Amino acid sequence: MPEQAQKTSGSPTPEVRDFLRRRREQIAQRWADEPLFRSVFTVSRDEAVEAGKSVVDALAQVADAERVEDPDAAGFAAVREQLARMGAARSRAGLSTGQVSTELAALRPPVENLLLSDLQGASADHTRASVTVLNVLMGTLRVVVMQTALSEGQSLIDRQRLQLLEVATPVIKLWDGIVAVPLIGTLDSARSQVVMETLLETIVEQQARHAILDITGVPAVDSLVAQHLMKTVAAARLMGAECIVSGIRPAIAQTMVHLGLDLGNVVTRASLADALGYVLHQLGVGIVTPGPNGAVPR
Amino acid sequence: MDTAAGAQARLPIRSDMDLMWVRQHVRQMAAALGFGLVDQTKLVTAASELARNTLVYGGGGTMETTPLAEGGTPGLRLTFRDEGPGIADLEQALQDGFTSGEGLGMGLGGARRLVHEFAIESSPGAGTTVRVTSWVGRPPLRREEV
Ligand SMILES: Nc1ncnc2c1ncn2[C@@H]1O[C@H](COP(=O)(O)OP(=O)(O)OP(=O)(O)O)[C@@H](O)[C@H]1O
Ligand SMILES: [Mg+2]
């Protein structure tokens with residue numbers, strides 16, 4: 001018993017810090033299943049877990065500095081942007097500030113349960129003290145998110161969107177005379193304008209005769225996206241390049257049929273590889289397995 | 001209810017960026033309610049069409065999402081509302097290929113084919129309300145039912 005008494009007499013904050021470091025992975029895994037993380041990181045669960053880990057790290061750092069009540073603690077700095085983005089994403093999805101706050105509050109119980117199971121056998125006082133530290137810390141996290149989400153969330157999103165517009169449109173040379181554009185994300189009017197200009201420039205530069213528009217990364221094709229695609233195809237055609245649209249996923253194909261959209265006389269292929277194979281065939285280029293000395297005839 | 005899919009929500013439709021949020025939100029709700037990938041895509045696409053009409057022709061408005069349950073089957077209702085000029089000739093507007101702008105004229109008629117229930121209310125000067133509903137696991141309407 002004396003040993004226990006000694007172990008529990010110190011400040012509970014370092015213990016919570018050690019707990020956060022020790023259970024980093026498990027906490028992040030549990031958070032990834034909570035509505036807040038689940039609904040912000042819809043594409044990949046790994047991303048949610050990674051985001052969760054960096055939040056746990058920040059909390060541990062704040063606990064390490066004994067600043068659990070301080071929303072301005074330096075430890076929060078590393079995750080402030082990420083938290084802002086998450087909070088802003090939720091409020092833009094139609095949640096009120098109160099609802100966002102409730103989702104944040106839901107992050108506490110899974111951590112508390114882990115802490116309690118780690119504290120099995122500790123004295124009731126010590127357990128209570130540790131849980132209190134954790135609760136204060138999670139409350140502070142909530143304040144941080146609400147602050148940042150309200151102040152910088154929207155402008156941050158707008159800024160990033162503009163950046164995305166500029167960087168997300170590479171035109172790739174696949175072969176002599178063949179270029180490809182892997183389209184990713186929403187093809188709104190602004191994006192498709194950028195895509196079209198970049199593609200046309202590249203067609204001229206590379207003297208390309210074939211262009212592959214790959215839409216594997218486009219989440220939905222509605223009438224406006226289809227219209228943009230067809231305009232791009234028509235413009236490329238005027239520049240002397242034939243377009244192929246690849247990567248129409250089955251769900252999108254079915255939706256397009258119901259919507260009543262077809263891409264006219266545009267050649268389509270299931271995948272970028274199929275499209276490349278098709279064009280090479282058109283060009284009379286045969287792909288031959290390398291000979292024993294590794295030479296590839298071309 | 002308090003889950004991601006459970007809450008009724010109203011989203012503004014005032015800009016291109018709002019359209020993006022509308023699609024995201026519908027995708028998330030449909031997934032959380034148990035819609036399969038194809039049905040999610042259909043709902044998102046219908047929402048995209050209707051929300052863009054709200055923005056472009058209605059001068060902006062809102063989308064309301066309502067999760068439903070009927071005899072154990074989950075469903076999702078989307079209501080698009082604007083206070084714009086309204087539509088004088090609904091039949092013409094619903095016709096494939098009719099556009100008063102620069103579109104393909106496929107939005108309204110197409111959206112109707114992508115969902116299970118479709119209702120539109122509009123009169124000149126009084127704005128437009130379009131309400132669509134789909135149910136999890138129910139087969140799509142056949143052409144002749146539309
Ligand atoms: N909310 C609305 N308010 C006023 N008029 C509308 C509204 N929604 C649609 N309309 C009218 O109905 C017509 C047909 O709409 P529809 O969505 O089918 O085609 P579009 O928007 O013109 O083109 P697309 O959707 O294919 O890009 C529009 O051109 C417009 O005149
Ligand atoms: Mg339309």
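Biologist: What volume does the largest cavity have?

Modeller: In this predicted model, the largest cavity has a volume of about 90 Å³. The count comes to four cavities of 30 Å³ or more.

Biologist: Which residues line the largest cavity, and which elements give two or more residues to the lining?

Modeller: The lining consists of B:Phe35, B:Asp39, B:Lys42, B:Leu114, B:Val115, B:His116, B:Ser134, B:Trp135, B:Arg138, B:Pro139, B:Pro140 and B:Leu141. Helix 2 (37-56) and strand 5 (128-135) of chain B are the elements that give two or more residues to it. By class, the lining of the largest cavity has seven nonpolar, two polar and three charged residues.

Biologist: Why are helix 2 of chain B and helix 4 of chain B called roughly antiparallel?

Modeller: The two axes cross at roughly 150° and come within 9 Å. Angles over 145 degrees count as roughly antiparallel, and helix 2 of chain B and helix 4 of chain B are therefore given that description. Their crossing is left-handed.

Biologist: Which residues of helix 2 of chain B meet helix 4 of chain B?

Modeller: From helix 2 of chain B come B:Lys42, B:Thr45, B:Ala46, B:Glu49, B:Leu50 and B:Asn53, which meet B:Gly107, B:Leu108, B:Ala111 and B:Leu114 in helix 4 of chain B. This contact of helix 2 with helix 4 of chain B has five nonpolar, three polar and two charged residues.

Biologist: What makes helix 2 of chain A roughly perpendicular to helix 3 of chain A?

Modeller: Helix 2 (residues 12-22) of chain A packs against helix 3 of chain A at an angle of about 70°, with the axes 4 Å apart. Angles of 65 to 115 degrees count as roughly perpendicular, so helix 2 of chain A is roughly perpendicular to helix 3 of chain A. A:Phe19, A:Leu20, A:Arg21 and A:Arg22 of helix 2 make the contact with A:Arg24, A:Gln26 and A:Ile27 of helix 3 of chain A. By class, the contact has three nonpolar, one polar and three charged residues.

Biologist: How many residues line the second largest pocket, and which lie nearest its centre?

Modeller: The second largest pocket, with a volume of about 780 Å³, is lined by 38 residues, of which B:Asn53, B:Val56, B:Tyr57, B:Thr99 and B:Ser100 lie nearest its centre. The lining divides into 15 nonpolar, 16 polar and seven charged residues.

Biologist: Which element supplies the largest share of the lining of the second largest pocket?

Modeller: Helix 2 of chain B does, with six residues. The elements that each supply at least two residues of this lining include helix 11 (223-238) of chain A and strand 3 (73-82) of chain B.

Note on methods:
Residues numbered from 1 in each chain as written. Chains lettered and ligands numbered in written order. Predicted model: local features only at pLDDT ≥ 70, side-chain atom pairs only at ≥ 80, totals over all residues. Heavy atoms only, no water. 1 Å grid on protein atoms, 1.4 Å probe; cavity = no way out; pocket = protein on both sides within 12 Å on 5 of 7 lines; lining within 4 Å. Points joined across faces, edges and corners; volume = space filled by probe spheres on them. Nonpolar A, V, L, I, M, F, W, Y, C, P; charged D, E, K, R; others polar. Axes fitted to C-alpha atoms, helices over the stretch in contact; angles between N-to-C directions. Parallel < 35°, antiparallel > 145°, perpendicular 65-115°, else oblique. Contact = heavy atoms within 4.5 Å. Left-handed = near helix turned anticlockwise from the far one by under 90°.
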